[in-house]
Amino acid sequence: MNKISRNLLVAAGLALTPLAQAITAEQTGIAVLIPGKHDDGGFMQAAHTGYEKIRDQLDVNASFVSNISATSDPVLLTEAMRELATKGPDMIIAHGGQCNGPAETVSQEFPNIKFVVIQGHVQGPNLSSYVVRQEDSAWLAGALAGLTTETNIVGHISGAWPKPGLIGRAAFYDGLIHVNPDAKFLTWFTGDLDNTQINADTAGAEIKHGADVIYTMLNGGRQGVIDEVKKHNSEVRHIGNVSDWTQVDPTFVGSAVADASVAILNAAQDFTNGQWKPDQITEIGLGQGDVVKLTLADDVSPEVQAKLDELAQQLISGEITMNTTYEGKEFHPATGDFVEQSFKETLKSKS
């Protein structure tokens, strides 16, 4: 029975049975916006896994769009979100802190749609954020790097610059210097989460300058780093993020797991059961199940494992206070120089 038929029955004074009411009820529409490639094996694929969980576990009309911008272009993301909103879903779940600004803009244009940003920090009358605290596992990843480096030089490579990425980098560095205050830190944002070549080149430059442990916060571009690390005959190790990369390749000494698919499902569940609320930020962190954790390769020593377990408990208890701001310089792979963080602005203008 369509809406017109239902309205005719109501106008005629004919009551609808519960079954007829159920038949006429429109199915809730939930759309997931994925900025990058949904099969990248990393953060964006976690979003697609969240979409699949919604599709398989909830009685809703679930859909997704992906591969909008590898460089997180805010104009492209805003246009894609606006186009998605014109199709009239009840809720749009946008994946990644790069969607903060677009969601603030588009949510005001479509006040009848509920908006959620995963790993976001935005709120509004019809807007909320769900955050998996990737900084918790990133901090432990930094500690792992500091405890296992032999050259005392540690690298970090990321692609784009949304707030969660900056916080994750800062947390990694804070964990590193907590256990190894003399470690040298080589950090760089390449501007592209998916480009394998530029991320491989950055890894090669960091390795050339002594890094023997590299933490990557990438999507498809991580494969370039894996390929580069493999060239160095186990002398360089890799730390992944989002999912457990120690199960993928032996070059990984650990992985800072932060399963954002859980946040996507939680947002959708909250909406369908009437518990979703606007204007708030909901967090999932270390110690709340297996959503956020550090996984380790089998060859990590028992002593290091025990130290990391101790540090994890200190993070959970609040004994360790995490610094989520990094104010140091960044390593420019093309020149080998250290540059001010403001240098990134020149890269953003080219992306």
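User: Hi! What should I know about the numbering and the model before we start?
Analyst: Residues are numbered from 1 along each chain as its sequence is written, and side-chain values use heavy atoms, with hydrogens and water left out. The model is predicted, so local features need pLDDT of at least 70 and side-chain atom pairs count only at pLDDT 80 or more, while totals for chains, interfaces and linings use all residues.

User: How many bridges join E5 to E11?
Analyst: Four bridges join strand E5 (residues 127–132) to E11, and the two run parallel. Val-131 stands opposite Glu-283 in E11, and Val-132 stands opposite Ile-284.

User: And how many bridges pair E4 with E5?
Analyst: Four bridges, again in the parallel sense. Phe-115 has Leu-127 in E5 as its bridge partner.

User: Is E5 enclosed or open, and why?
Analyst: E5 is largely enclosed by the rest of the structure, because six of its six residues are buried. Buried means under 20% relative accessible area, exposed means over 50%, and partly exposed is in between, with a 1.4 Å probe and protein chains only.

User: Which residues cover the two sides of E5?
Analyst: Leu-127, Ser-129 and Val-131 are on one side, and Ser-128, Tyr-130 and Val-132 are on the other, all of them buried. In a regular strand the side chains alternate between the two faces of the sheet.

User: New topic. In what order do the strands of the mixed sheet come?
Analyst: That open sheet of six strands runs E7-E6-E8-E9-E10-E12, with mixed pairing. Strand E7 (184–189) and strand E12 (292–296) are at the edges with a single partner strand each, so one side of each has no neighbour in the sheet. The twist averages 15° from one strand to the next.

User: Which helix packs on that sheet?
Analyst: Helix H8 (residues 196–208) does, touching strand E6 (153–158), E7 and strand E8 (213–217). The direction of H8 makes about 165° with that of E6.

User: How many bridges pair E9 with E10?
Analyst: Five bridges, in the parallel sense. Ile-239 has Gly-254 in E10 as its bridge partner.

User: Let's zoom in. Where is Ala-312, in which helix?
Analyst: Ala-312 is in helix H11 (residues 302–317), and at 13% relative accessibility it counts as buried. Leaving aside neighbours within four places in sequence, Ala-312 is in contact with Leu-140 and Leu-286, where contact means heavy atoms within 4.5 Å. Ala-312 and Ser-137 are 175 residues apart in sequence and 8.8 Å apart in space, C-alpha to C-alpha.

User: Is His-48 buried or exposed?
Analyst: His-48 is buried, with a relative accessible area of 14%. This residue is found in helix H3 (residues 43–57). Neighbours within four places aside, His-48 is in contact with Ile-34, His-38 and Phe-64.

User: How many cavities does a search of the whole structure find?
Analyst: Two cavities of 30 Å³ or more. On a 1 Å grid over the protein atoms alone, a cavity is a set of points where a 1.4 Å probe fits but cannot get out, and lining residues have an atom within 4 Å of a point. Grid points are joined across faces, edges and corners, and a volume is the space filled by probe spheres set on the points.

User: What volume does the largest cavity have?
Analyst: About 210 Å³. The largest cavity is lined by 17 residues, and Phe-43, Gln-134, Pro-162, Gly-165 and Leu-193 lie nearest its centre.

User: And which residues line the second largest cavity?
Analyst: Gln-134, Ser-137, Tyr-215, Asn-241, Val-242, Ala-256 and Ala-258. The volume of the second largest cavity is about 30 Å³.

Terms used:
Pairing = 2+ DSSP bridges. 1 Å grid on protein atoms, 1.4 Å probe; cavity = no way out; pocket = protein on both sides within 12 Å on 5 of 7 lines; lining within 4 Å. Axes fitted to C-alpha atoms, helices over the stretch in contact; angles between N-to-C directions.
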